[in-house]
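Here is a walk through one protein chain, written for someone who would rather look at the model than at a table. Keep the viewer open as you read.

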Amino acid sequence: MNLTERIIACVEDHPGATTGQVAEMLQHQRASINPMMSQLAKKGRLTRTLLGHTPSNIAFYGYWPANKQLSSVQESVSNVQESVSNGQESVSKARKHSAKP
């Protein structure tokens with residue numbers, strides 16, 4: 001199985017995975033996986049969706065198999081965005097607690 005096939009199989013097994021997560025699961029450098037996943041999305045073999053932004057306002061994306069139903073993708077994106085939002089709220093609360101008066 002070549003790397004492209006492994007990427008697609010990984011995304012099928014882990015819908016919504018980011019390039020960093022796929023790279024980690026495949027034990028490859030993110031720098032080599034990222035352009036391949038972008039090309040697969042441009043060719044229609046994967047679906048790329050904005051998941052949110054980091055605290056420093058950097059966008060991050062999740063990937064889904066291209067054949068997955070749009071409603072399933074939208075539901076998964078909503079779940080991930082909610083999870084990310086909750087995580088950012090926890091970080092914000094922790095920073096406020098650790099701040100000295």
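## Overall layout

First, a caveat: this is a predicted model. The protein chain has four helices and two strands.

The chain has 101 residues, and 26% of them count as buried. If you take the contacts with a separation of 6 or more, 44% are between residues 24 or more positions apart.

## Where α1 meets α2

Two packed helices are described by the angle between their axes and the distance between the axes. Start with helix α1 (residues 3-13) and helix α2 (residues 19-26): their axes come within 10 Å and cross at roughly 115°. Angles of 65 to 115 degrees count as roughly perpendicular, so α1 is roughly perpendicular to α2. The crossing of these two helices is right-handed.

Which residues make the contact? On the α1 side they are L3, R6, I7, C10 and V11, and α2 brings V22, M25 and L26. Sort the residues of this contact by type and you get seven nonpolar, no polar and one charged.

## Where α2 meets α3

Now follow α2 to its contact with helix α3 (residues 30-42). Here the axes come within 9 Å and cross at roughly 120°. That angle makes α2 oblique to α3. The crossing of α2 and α3 is right-handed.

From α2, the contact uses T19, G20, V22, A23 and L26, while α3 supplies R30, I33, N34 and M37. By type, the residues of the contact of α2 with α3 come out as five nonpolar, three polar and one charged.

## The hairpin

Next come the strands. Strand β1 (residues 46-53) pairs with strand β2 (residues 59-65) in the antiparallel sense, over seven bridges. To find your place in the pairing, look for H53, which stands opposite A59 in β2.

The hairpin of β1 and β2 has five residues between the strands, and N57 takes a positive phi there, near 70°.

Is G16 buried or exposed? G16 sits in the loop between α1 and α2, and its relative accessible area is 10%. The cut-off for buried is under 20%, so G16 counts as buried. Leaving aside neighbours within four places in sequence, G16 is in contact with Q21, L51, G62, Y63 and W64. Another residue to check against G16 is T47: the two are 31 residues apart along the chain, with their C-alpha atoms separated by 9.3 Å.

A31 is the other one to click on, and you will find A31 in helix α3. Its relative accessibility is 67%; exposed means over 50%, so A31 counts as exposed. Eleven residues separate A31 from G20 along the chain, and their C-alpha atoms are separated by 9.0 Å.

Terms used: Residues numbered from 1 in each chain as written. Predicted model: local features only at pLDDT ≥ 70, side-chain atom pairs only at ≥ 80, totals over all residues. Heavy atoms only, no water. Axes fitted to C-alpha atoms, helices over the stretch in contact; angles between N-to-C directions. Parallel < 35°, antiparallel > 145°, perpendicular 65-115°, else oblique. Left-handed = near helix turned anticlockwise from the far one by under 90°. Contact = heavy atoms within 4.5 Å. Nonpolar A, V, L, I, M, F, W, Y, C, P; charged D, E, K, R; others polar. Pairing = 2+ DSSP bridges. Buried < 20%, exposed > 50% of the residue type's maximum accessible area, 1.4 Å probe, protein only.
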